[in-house]
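Here are my notes for you, in numbered points. Have the coordinates open while you read.

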Amino acid sequence: MKKGYSGGSALPADKRAQLTRGTDDALNAQARARTGVRAAQTGRRIVQNVWWPMVSIVVALALLISAVVVAYARTGDGSHGVSGASGAGAHSHISIGLQLAPTNLDIRQTSGTALDQLLIGNVYEALLTRNEDNTVSPGLAQSWEVSADRLTYTFHLNAGMTFSNGDTLDASDVVWSIRSMMEGHLQGSNGVANFASVSAPDARTVVLKLSKPYSELLWNLSGRSGLVFDEQALSGADGSGADASGADGSGADRSGSAYDAKTQALGSGPYVLSAYEPGVSATLTARTKYWGEQALNRRAHIQTITVRYFADPQAGLNAFTSGDVQVLAPISGTLTGAIQNDARFTYKTGDGTDKYVLAFNNATGGGSAADGTAGVLKDKRVRQAIRYAIDENAIIASRGGTDAPLGGPIPSLDPGYEDLTGLYPTDVEKARTLLAEAGYSTSHPLRLRLMYANTYPAEIGQQLRSQLARVGIDLNVQRVEFATWLSTVYKQRDFDISMVDHNESHDFAQWANPEYYYGYDNADVQKLYAQAMEAVTDSERDSLLARAARLVSEDAAADWIMNYRVVTAWDKRVRGFPLTMNQVNMPLWNVTFGTESAGAAGSSVQGGAQTARAAGADTATAAAQGGVR
């Protein structure tokens, strides 16, 4: 039996540092916040003058205790004050500005990483915790063992776990959550491939069995696949309706109301969802009796967190600079100049798994029968010419220089990563030569369509058109409504070239699936991927994935414009906000908002380790779990 907390492999720390070096500029910050102070008053009555010396001592002690109570009350409700926020001046409320809001809160039925960002690690919890380096550590399960054949996973749960309504969380809840997810084909079910059974030998033990090895299982159980729900509350089996605000006294009083998973959330995490206005805001309130304070050493330091959504980047920036929000994620790299000289703010770039994919229609080959170019993209020379013609570094520089080059389908935080940017360096002459061999030139250009959603900047399309024109490709750029992109490109496969941000981690399966909208069908890639998923060691899996990714890139199945990296800006007094992958994984329990202090950068801690963005574009995942922003 192998025991461990093994997750996906990640790029070594020194390599990650190279990616961030030069882009992580620190500035400053301050924002206005309101703090409530509760005062405690003590009256004293002296009965006999003879006891005056003793009474004086009692009064002095009482005054001391009173002062401590008042100081502690400044941080919130007495049981969830700000810790590590430099004491005096700490705040019990903070507002965070995000860009893309979830369409609803039903995390079992609705796709989109905006839901994961808001709820996982805050309201809902999984068997395992996802760390900042994209590996896993204990969560609801304090430890686990994996059999030598990788078919049996035994999880040992923490003791004393409860949901926010007071219901006990034990192995039966884990079994019901996984079993109902698999039977109902709910969100996360595709993350438990080769599922055979799940059982609970006792209240603190869960045994999950597979029919054959699946190397991604542990990582997937740190996300939606491993979320644990309160069966009684979710189904309303007791007939009384669940109180999603929490029986422990935190959150708004909604007792007696039905638990509507689209507008409410009830989990075991450090926060309860106390208010939700779709598309506008969500309010998280710290639980007063959170089980993880002892078992995981996690305590919500901020009593109330308001998450506000700004679809317009400029509106978000205005809210941030005016002090309406104390954290803004993301802030466009082109807008950071507005805060560079403001001594109140600081900002930093964090790594992520977003991949701006310029996808070719590998199934039909695109083109047009009318001009004799039908199926032109089936010609590898044409695909290679496009890759050589594109100057990804110029596009990245025009966006502020915060994104990272990406030469293949696997980003640096995912298993199997290899730097493939050297396969197709910008080479205009080589692109012209390849196109000439295929019968095209600047005097006889190849006409192709690029369709992408208008949620992405027009400038990218303009740059691509300009760069391809110089080698003999006339690119017709069509920016459309996301619903149009979803229908035309994703569902009907009616496109030549498309661009979209694929933000999900561990999503290489797209390239091993000929039915995906890329239409890429390579038997060697499919074989390597299948072997990787059945690998019995992480190193074997990573090696197989790297080989498969290299084949995809060498075959010029697409061009990868960039690894989008999120720039987060914050008030200098804020600490603990996660920077890496915070558009997907944003645990907030460690966030504090106190007095200004040097080095109060946004380092985060989750699960004992340092911890896709689309409302519009996120709904592409809603259609087929494609990880599209």
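1. Helix 9 (residues 380-389) packs against helix 11 at an angle of about 160°, and their axes are 8 Å apart. Axes here are lines fitted to C-alpha atoms, for helices over the stretch in contact, with angles from 0 to 180 degrees between N-to-C directions. The pair is therefore roughly antiparallel, a label for angles over 145 degrees. Helices are DSSP runs of H or I with at least four residues, strands are E runs of at least two, and both are numbered from the N terminus.

2. A word on the source: this is a predicted model, where local features need pLDDT of at least 70 and side-chain atom pairs count only at pLDDT 80 or more, while totals for chains, interfaces and linings use all residues. Residues are numbered from 1 along each chain as its sequence is written, and side-chain values use heavy atoms, with hydrogens and water left out.

3. The crossing of helix 9 and helix 11 is left-handed, that is, the near helix is turned anticlockwise from the far one by less than a right angle. On the helix 9 side, the residues in contact (heavy atoms within 4.5 Å) include Val382, Ala385 and Tyr388, and on the helix 11 side they include Ala431, Leu434 and Leu435. By class, this contact has nine nonpolar, one polar and three charged residues. Nonpolar covers Ala, Val, Leu, Ile, Met, Phe, Trp, Tyr, Cys and Pro; charged covers Asp, Glu, Lys and Arg; the others, Gly among them, are polar.

4. Now look at helix 14 (residues 523-533) and helix 15 (residues 538-554), whose axes come within 8 Å and cross at roughly 160°. That angle makes helix 14 roughly antiparallel to helix 15. Helix 14 passes helix 15 in a left-handed crossing. Among the residues that meet are Leu528 and Tyr529 from helix 14, and Leu544 and Leu551 from helix 15. The contact divides into 10 nonpolar, one polar and three charged residues.

5. Arg399 sits in the loop between helix 10 (392-398) and helix 11 (428-438).

6. Finally, Met581 lies in the loop between strand 19 (574-575) and strand 20 (592-593). Met581 counts as buried, at 6% relative accessibility. Met581 and Asn131 are 450 residues apart in sequence, yet 9.6 Å apart in space, C-alpha to C-alpha.

Conventions: Angles under 35 degrees count as roughly parallel, over 145 as roughly antiparallel, 65 to 115 as roughly perpendicular and the rest as oblique. Buried means under 20% relative accessible area, exposed over 50%, partly exposed in between (1.4 Å probe, protein chains only).
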